[in-house]
Amino acid sequence: MADDKAKIQALENKAKELRKDILRMLEKAGSGHPGGSLSAIDMMTALYFYKLNIKPEKPDWPDRDRFVLSKGHAAPALYACLAEKGFFPKKELDCLRKINCMLQGHPSKKLIPGVEASTGSLGQGLSMAVGMAIAGKLDKKAYGVYVVVGDGEMQEGQIWEAAMAAAHYKLDNITVFIDNNNLQIDGNVDEVMSVYPIKEKWQAFGWKVIEIDGHDIKQIIDALDVPHEKGKPKAILANTTKGKGVSFMENKAEWHGVAPKKEELDNALGELE
Amino acid sequence: MTEQAATRDGYGKAMCKLASNPNVVALDADLSCSTKSASLAKECPERFFNMGISEQNMIGVAAGIASCGKIVYASSFAVFAAERAFEQIRNSVAYSGLNVRIVGSHAGLLTGEDGASHQAIEEVGALRSVPNMTIISPADAIEAEKATMALADYEGPVYLRLGRMKTPILFDEDYKFEIGKGVQLKEGKDMTIIATGALVHRALEAAKILETENISARVINIHTIKPIDKEIIIKSAKETGAIVTAEDHNIIGGLGSAVAEVLAENHPAIIERIGVKDTFGESGSPDDLYEKYGLTEKHIAEAAKRIIKRK
């Protein structure tokens, strides 16, 4: 019991540190996506520091778990996790989005160790993850494939093609987090182009759906630990707040794709102490 | 009577052979009987995945499977495989340099009766401008079979363009197919016909017509449109002085444009492009369509005669 509590506290602390990394790298870059990175970082912390069976020194290890950030604009969250995990030196975070540097504005498979799929064009990562899951079944390997999909991203039809295929091919080795922060660029998701009800849609497509508070580490890891139903892919509907952790960013569409300035960064870091 | 077979049949034969390669996986979008990917499915059903009528997902899935070390052949009609899923090819496959072969069957006006919605005449042009893409357009079923086999050992993203109808067999079993190398099929000194795919046999027929009129036409088969064999093109410009290109594709963007680029930058020579003149096709038999849209050996020969006067 005490062990569990300590484990959860450690993950919460880790997520807080990674939030600082995200904000610092964005301020240095002068552009990028804080809102969606901060809404996804708790689930990604749980993945990278609790769940994923990966070897930073061997990014191509054939039996590794795969993680695909289908909402690729949350790249800062991914880079913070990969750097902390040891896939590349932390100083790379200082030249995010700069010319001739490793860390691209959206994840690049060719350039960055630990990145499984080049994403950024919404709706495509899930299909690639489905392919990885199919390959896993084909090769009779035990690895899991994990994905973070955005709520606005579900407006892309390709997401539903991939969801259909995952259920059809009985991919019980794939787990999708839906980062449901109800905001996109032009405003609330339900006002721009409603994707609700989310849970029922994924269930109708043949997925098992678990709904959680996407910022509660215990709920996240409990959901990850629920075994798949045989032959059924799993979706974790994570209700989140865009910009979570920084009071002036929380729930604001305008913090989707604007980097904090130095003073804003200092205020944010102060809140994260 | 020359033996005839469709390039898609050559693909089917190769897929049957490739079924025994444990690294090869085939995907299709509900057209496996038409594209002939079904021949791998028949031999090795566990390495064939029908993705249904979801081409964009099919390309993404292909990328994901390729990222796990497989060689993936993903087929559908060219309009759907290459055009509907164009951005997926660009962002999921080409940008990461993955070993996905996008196989576009039923390309060009050769598709015939299904009509304009199904006649891909712009996809070579579109894919030429995607970095990291190799583009192969075989001239007959033998070349198609050899190309498909060669692609099992080739690194990087590829677009393979195939046709619906039977066309004359031009090569024999010991033809050595080499990706990236143009093939001179006939020597000539007055002008050169540079052709690809379904128009290569028509280029040879055109050369026969020209011979009866004492015109010596060189004929070159460009099966690899990207990366294109610049040397053979420049050599023909230097030695014959005039070029006619021939393709079942819009004259904008495809082989004709690629050849014109090489000539303009290296050895300008007068060129005329035979192909679809920037118009959509329509329903009709392939022969009727070729006649109406100017893709027959007669049209190639007439262009050759015109071009010689402009040397």
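A crossing of two helices is termed left-handed if the near helix is turned anticlockwise from the far one by less than a right angle, and right-handed if clockwise. Helix 2 of chain A passes helix 8 of chain A in a right-handed crossing. The structure is a predicted model, in which local features need pLDDT of at least 70 and side-chain atom pairs count only at pLDDT 80 or more, while totals for chains, interfaces and linings use all residues. Side-chain values use heavy atoms, without hydrogens and water.

Within chain A, the axes of helix 2 (residues 34-51) and helix 8 (residues 217-225) come within 10 Å and cross at roughly 55°. Helices (H or I, at least four residues) are DSSP runs numbered from the N terminus; axes are lines fitted to C-alpha atoms over the stretch in contact, and angles run from 0 to 180 degrees between N-to-C directions. Helix 2 of chain A and helix 8 of chain A are therefore oblique to each other, given that angles under 35 degrees count as roughly parallel, over 145 as roughly antiparallel, 65 to 115 as roughly perpendicular and the rest as oblique. The contact (heavy atoms within 4.5 Å) involves D42(A), M43(A), A46(A), L47(A), Y50(A) and K51(A) of helix 2, together with I217(A), I220(A), I221(A), L224(A) and D225(A) of helix 8.

Between the chains, helix 4 of chain A (residues 125-138) packs on helix 4 of chain B (residues 55-66) at an angle of about 50°, their axes being 6 Å apart. That angle makes helix 4 of chain A oblique to helix 4 of chain B, and the crossing is right-handed. Among the contacting residues are M128(A), G131(A) and I134(A) from chain A, and N57(B), G60(B) and G64(B) from chain B.

The interface as a whole takes 27 residues from chain B and 25 residues from chain A. The area buried between the two chains, defined as the accessible area (1.4 Å probe) lost on being put together and summed over both, is about 2000 Å², of which carbon and sulfur atoms give 57%. N57(B), C68(B) and Y95(B) supply 25% of the area that chain B buries against chain A, more than any other three residues.

One salt bridge (a side-chain nitrogen of Lys or Arg within 4 Å of a carboxyl oxygen of Asp or Glu) is counted between chain B and chain A. D139(A) forms a salt bridge with K70(B), with the closest N and O atoms 2.7 Å apart. Over all chains, the count comes to 38 salt bridges.

Key
Residues numbered from 1 in each chain as written. Chains lettered and ligands numbered in written order. Helix = DSSP H or I, 4+ residues; strand = E, 2+ residues; numbered from the N terminus.
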